[in-house]
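Hello,

Here is the structure I promised to hand over. Please open it first, then read the notes below.

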Amino acid sequence: MGEIGAKRWNFGANEVVEDACSQTVRDFLNLLVDNLDRNDARPVIPLGLGDPSPFPSFRTDPAAVEAVCEALRSSKFNHYPSLSGLPLTRKAVAEYLSRDLSYHISPDDVHLTVGCHQAIEILISTLAVPGANILLPRPTYPMYDSRASLSQLEIRRYDLLPENGWEVDLNAIEALADDKTVALVLINPCNPCGNVFLRQHLQKIAETASKLGILVIADEVYKDIVFGDKPFVSMAEFAEIVPVMMLGAISKRWFVPGWRFGWMVTLDPHNIMKDSGLVGSLVNVLNMSTDTTTFIQGAIPDIIGKTKEEFFSSKLGTLRECAETCYEEIKKIPCITCPYKPEGSMFTMVKLDLSMLEDISDDLEFCCKLAKEESLIILPGRAVALKNWLRITFAVELEVLRDGFVRLNNFAQRHSKKKT
Ligand SMILES: *Cc1c(COP(=O)(O)O)cnc(C)c1O
């Protein structure tokens with residue numbers, strides 16, 4: 001065979017990318033899918049990823065579908081998306097977010113993004129100045145971790161405390177932060193823990209961040225997915241204390257993650273973010289990033305305005321039933337415990353008691369064998385930075401969830417230590 005070109009090529013794998021990539025949920029899910037037994041005729045039960053949109057009970061509202069169709073039919077939204085988004089869309093999002101707040105959000109502070117993911121991408125890459133670090137929760141939403149690794153922004157982890165209803169370990173925040181700490185990320189309602197943070201606790205977080213001089217990134221993508229006793233309070237209420245970057249999307253509330261529409265809102269009444277130059281840099285990164293599609297932007301005022309309240313209340317009712325079923329079913333399985341009944345989001349975390357199991361050494365082995373033997377996908381805790389726990393989503397069709405727990409129960413019994 002003849003030689004082709006140079007003896008040595010100057011390009012290759014990027015180690016930074018490889019490292020960042022080993023932390024994604026998709027990576028773990030692919031591994032589990034590889035473990036599935038192709039000869040098992042039963043349908044796979046997906047309790048790993050929180051995307052209920054394929055299930056009939058979680059189909060989006062016809063009014064939202066009609067809004068998209070109408071935006072397309074009107075031919076008004078075929079042009080390139082304008083810088084920062086359509087004014088009518090930013091206004092609709094600002095009004096929507098202001099509904100439950102004690103003040104009004106200005107459309108100028110709303111930046112439209114390709115789902116909440118792009119808000120994370122843009123924000124993390126803007127914050128990643130050399131030497132900086134960011135405080136992320138444990139357990140985490142791993143997209144933050146991957147993007148921080150990719151941007152070479154150092155990650156420091158504070159704990160969410162299961163024994164305190166998953167509250168933030170505030171002492172840890174003070175101990176971890178230094179003058180290179182740029183931000184802390186708080187996800188409320190919490191993915192993966194399923195808790196909703198209390199107003200007083202949010203205020204303490206805001207005060208701590210303010211004292212330390214760090215930005216609060218409030219990921220509120222589940223802001224309306226709350227079905228327990230605690231009301232949701234937005235971190236936006238504490239913007240007087242600390243600058244807040246609020247992130248959200250239509251993905252979860254309307255069950256349309258494929259529509260890729262989200263936002264990033266700068267809440268900065270004292271112009272701290274603005275005067276520091278952060279807002280300017282953020283807008284510059286936004287301007288060099290891909291925009292959300294124009295017709296989705298065009299549809300947003302009607303998606304928000306015409307979806308009926310009954311749609312949301314009925315979906316919340318379904319999710320509440322799923323969460324309760326999940327919590328009750330977990331109690332029947334001795335080797336897992338759920339420290340806190342989910343009251344929001346689509347997830348719960350359960351702790352594995354490995355001492356009760358015979359031939360399973362950790363969370364990853366548990367999930368791989370579970371996929372192989374029961375065609376049931378559950379995310380190992382290590383994917384969210386909490387080893388030997390499991391993250392379970394309950395946002396699936398109720399019968400599917402029940403079937404999933406029958407399989408999980410059989411699996412647990414089969415692998416439990418036999419009494420001698
Ligand atoms: C789903 C999710 C996102 C991403 O939202 P998209 O709109 O689907 O991009 C961001 N943060 C958290 C905590 C999520 O659960």
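**What was found**

Leu47 stands opposite Ile378 in β12. Strands here are DSSP runs of E with at least two residues; helices are runs of H or I with at least four; both are numbered from the N terminus. Two strands pair if DSSP finds at least two bridges between them.

Before going on, note that this is a predicted model: local features need pLDDT of at least 70, side-chain atom pairs count only at pLDDT 80 or more, and totals for chains, interfaces and linings use all residues. Residues are numbered from 1 along each chain as its sequence is written.

**The five-stranded sheet**

Strand β1 pairs with strand β12 (residues 376-380) in the parallel sense, over three bridges. Both belong to an open sheet of five strands. The order is β1-β12-β13-β11-β10, and the pairing is mixed. At the edges are β1 (45-47) and β10 (336-337), each pairing on one side only. Helix α13 (residues 363-374) packs on this sheet. It touches β11, β12 and β13 (389-393). Its direction makes about 170 degrees with that of β12. Such angles run from 0 to 180 degrees between N-to-C directions, with axes as lines fitted to C-alpha atoms, for helices over the stretch in contact. Contact means that the C-beta atoms of two residues, placed from the backbone, lie within 7 Å.

**The eight-stranded sheet**

There is also an open sheet of eight strands, again with mixed pairing. Its order is β2-β9-β8-β7-β6-β3-β4-β5. The edge strands are β2 (110-113) and β5 (167-168); each pairs on one side only. β2 and strand β9 (residues 262-267) run antiparallel, paired over four bridges. His111 stands opposite Met264 in β9. Helix α5 packs on the sheet and touches β2, β3 (133-138), β6 (181-187), β7 (215-219), β8 (244-249) and β9. The directions of α5 and β9 make about 45 degrees.

**The ligand shell**

Which helix gives the most to the shell around the ligand? Helix α5 (residues 115-127) does, with three residues. The residues around the ligand are Gly115, Cys116, His117, Tyr141, Ile187, Asn191, Asp219, Val221, Ala249, Ser251, Pro257 and Gly262. By class, the shell has six nonpolar, five polar and one charged. Ala, Val, Leu, Ile, Met, Phe, Trp, Tyr, Cys and Pro count as nonpolar, Asp, Glu, Lys and Arg as charged, and the others, Gly among them, as polar.

**Domains**

The protein chain has domain 1 (15-59 + 310-415) and domain 2 (62-306). These bounds come from an automatic or database domain assignment. The domain centres, taken over C-alpha atoms, are 26 Å apart. Domain 1 gives 34 residues to the contact, and domain 2 gives 35 residues. On the domain 1 side, α1 (15-21), α12 (309-331) and β11 (347-352) are the elements that give two or more residues. That side has 21 nonpolar, eight polar and five charged residues.

UniProt lists residues 43-399 as "domain: Aminotransferase class I/classII large", in an unreviewed entry. UniProt positions are given in the numbering used here, feature names are shortened, and annotations may be inferred rather than shown by experiment. The end C-alpha atoms of that span, residues 43-399, lie 13 Å apart. The span is 37% helix and 18% strand.

**Backbone details**

Two cis peptide bonds are worth a look. One joins Arg138 and Pro139, with omega about 5 degrees. Pro139 is in the loop between β3 and α6 (142-150). Another runs from Asn188 to Pro189, with omega near -10 degrees. Pro189 is in the loop between β6 and α8 (199-212). Arg260, a residue other than glycine, has a positive phi, near 50 degrees. Arg260 is in the loop between β8 and β9.

Best wishes

Note on methods: Near = placed C-beta within 6 Å.
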